[in-house]
Amino acid sequence: MTTMPGDEDRLRATADFVREQDTTTLFPLLLPCLDGPELRALADRCRFAHAALLVFPPDGRALRAALADCGLDAEAADLPSVVVRERLALRHGLAATELDVRILRPAVVGPDGARRAVEVFALTVPPGSGLAPIAAHERARQHEAHLAFEVECPDPLVLRGLCAILARHGAVPDGGGYNPHEEGTVFYFTAPPGSKAGYHRVELYAHGDHQDVLTTHLDEQRTRQPAESLLRLLTGAWTTQALAAFARLRIADAMDTHTGTAVEPLARTVGADPRNLATLLRYLVMLDVVAEEGRGYRLTERGALLREDVQGSMRPLALMYGGPFYESFADLPHTVRTGQVAFEHRFGENHFDHFARHPELADLFDRSMAASSRMFAPLPSHPVLTAASQAAEPAVVVDVAGGTGELLGRVLTAHPRLRGVLLERPHVVEAARRFLDAAGCGDRCAYRTGDFADVPPGGDVYVLSRVLHDWDDERCAEILGHCARAMPIHADLLIVERVLPTDGSVSLATAWDLHMMCNVGGRERTTAHYAHLLDGAGLTLVDRSPLPLDGSVLHARRSPAP
């Protein structure tokens, strides 16, 4: 029999979560941009202590029975909860004395054998109590659910530094207090919007009374956040240009990932002013692109991605986003006001024509597309491609507007029995031929020059990777129609795009929607929107699978004849 309806399932899920997680995996989930030195600083000074939830037992006996049913210690000691009681009273306009809130911490063992706890806040709500609406409100909103990290050997300097790291990565101060019953201080934060941990609040817990640090933390909650957060957002352009300058001057290529290089010789190598180069490098330290090493700077793992000659180099992206696309974003107000494409307003022509007239930009664009290929790294293992590779006769994969062949090369390399056809513009086909020859699969690939109207018939799998988001709905309908007419009845179509969320969650697709609007006049779309476009072309959406970087692969087939 359920002793606490609506609470036992949450209690059991929280206990399972605590048993499975550890410190080093949780912090990057909570703070998605966190890595490098700051991740080590947090992991070295904090340990995952508990996950917390607020439950509403009718009495103490029901609470103990629920703990036992969830495999937790039913005899765990309880203490008054000062902080949560005051937060509840403030939220619901009650006197704190009207609320009986207890705190229990039944222990569990984590995957590394370390002891941690489920922190259970219990507000007693007897049957027929006037507190029932409060319980319903709190269950729905989960205000008190949080993840807690205990600070080991806390002192004021360490606490201020840890709070600063959390704030720097988007965590917002959200209260706290001192509990004299436990002789401990808690610092609450709201997790940043991109948090993937499933909890919206984070707690730092430190033994002892740390009133000075707590006062600063509470003051920041009251006064600091809106202005400082906005200021950090407004300086985002500086970050883009700092990374672009670092890439354009080829500074990463002149640095080592293990040994520091002094500023003076580095400046001579890249042809820069030593003083100004030092200013740039100090800024890039904050971004974990470079790190101080001795009397110089070394390249970090993140910064190494801006080298030209490394696998998966993102240098072309830095040059593109800090170059023509950066310029066009200056005309974003024009796009929002008029509906016209900012790139066309800035450069006098659409970006395809503009790049075609400037070969160096066309090459940069093609390389920047290849640089973001991590999105489709898992695509070769898609069931459609796996099945095609196991067919009795060698199957053909047609990559429509396949760029320089990065995706097709991955597919053909993973499946030696498959053959490929790549359709592209003439100058891109030559680059693709060189790439696929170098990848060792050029002998299994044919090349077609042309436009979307020239989609070759007779393939077994057709691929549209990051194509449809370049175009408005009318042009997308034409492209899908060309594909549908070329596809045999047995063929499959795989569409790689970022799909807009419908639940308000944070996604790169939302940012790319703005980018496409500004630079090409295209857009990102929801799954339902793609299904509608496919249906109009005589195709049916079969399923959707996730890809890295908030990407998706949409699988479609020819619709059955009526």
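Student: Which helices each supply at least two residues of the lining of the second largest pocket?

Tutor: In this predicted model, they are helix H19 (359-371), helix H21 (406-414) and helix H22 (426-438). H19 gives the largest share, five residues.

Student: What makes a residue count as part of that lining?

Tutor: A lining residue has an atom within 4 Å of a point of the pocket. The second largest pocket has 21 such residues, and Arg367, Ala370, Ala371, Glu406 and Phe435 lie nearest its centre. Its volume is about 600 Å³.

Student: What makes the side chains of histidine 169 and glutamate 38 a polar contact?

Tutor: The cut-off for a pair of N or O atoms is 3.5 Å. These two side chains come to 2.4 Å, so the pair is within the cut-off and counts as a polar contact. Histidine 169 is in the loop between helix H7 (156-168) and strand E7 (172-179). Beyond its neighbours within four places in sequence, histidine 169 also touches Leu31, Cys33, Leu34 and Pro192, among its contacts.

Student: How do you know that strands E12 and E13 pair?

Tutor: Pairing needs at least two bridges. Strand E12 (residues 396-400) and strand E13 (residues 419-424) are joined by five, so they pair, and they run parallel. One of the bridges links valine 400 to leucine 423 in E13.

Student: Which strands are the edges of the sheet they belong to?

Tutor: The order is E14-E13-E12-E15-E16-E18-E17, an open sheet with mixed pairing. Strand E14 (445-449) and strand E17 (539-547) each pair on one side only, so they are the edge strands. On average, neighbouring strands of this sheet are turned by 20° against each other, direction ignored.

Student: Where does H22 lie relative to this sheet?

Tutor: H22 lies across E13 and E14, at about 170° to E14.

Conventions:
Residues are numbered from 1 along each chain as its sequence is written. This is a predicted model: local features need pLDDT of at least 70, side-chain atom pairs count only at pLDDT 80 or more; totals for chains, interfaces and linings use all residues. Side-chain values use heavy atoms; hydrogens and water are left out. Helices (H or I, at least four residues) and strands (E, at least two) are DSSP runs, numbered from the N terminus. A polar contact is a pair of N or O atoms within 3.5 Å; within protein, one must be able to donate a hydrogen and the other to accept it, and residues adjacent in sequence count only if both atoms are side-chain atoms. Contact means heavy atoms within 4.5 Å. On a 1 Å grid over the protein atoms alone, a cavity is a set of points where a 1.4 Å probe fits but cannot get out, and a pocket is an open set with protein on both sides within 12 Å along at least five of seven lines; lining residues have an atom within 4 Å of a point. Grid points are joined across faces, edges and corners, and a volume is the space filled by probe spheres set on the points. Axes are lines fitted to C-alpha atoms, for helices over the stretch in contact, and angles run from 0 to 180 degrees between N-to-C directions.
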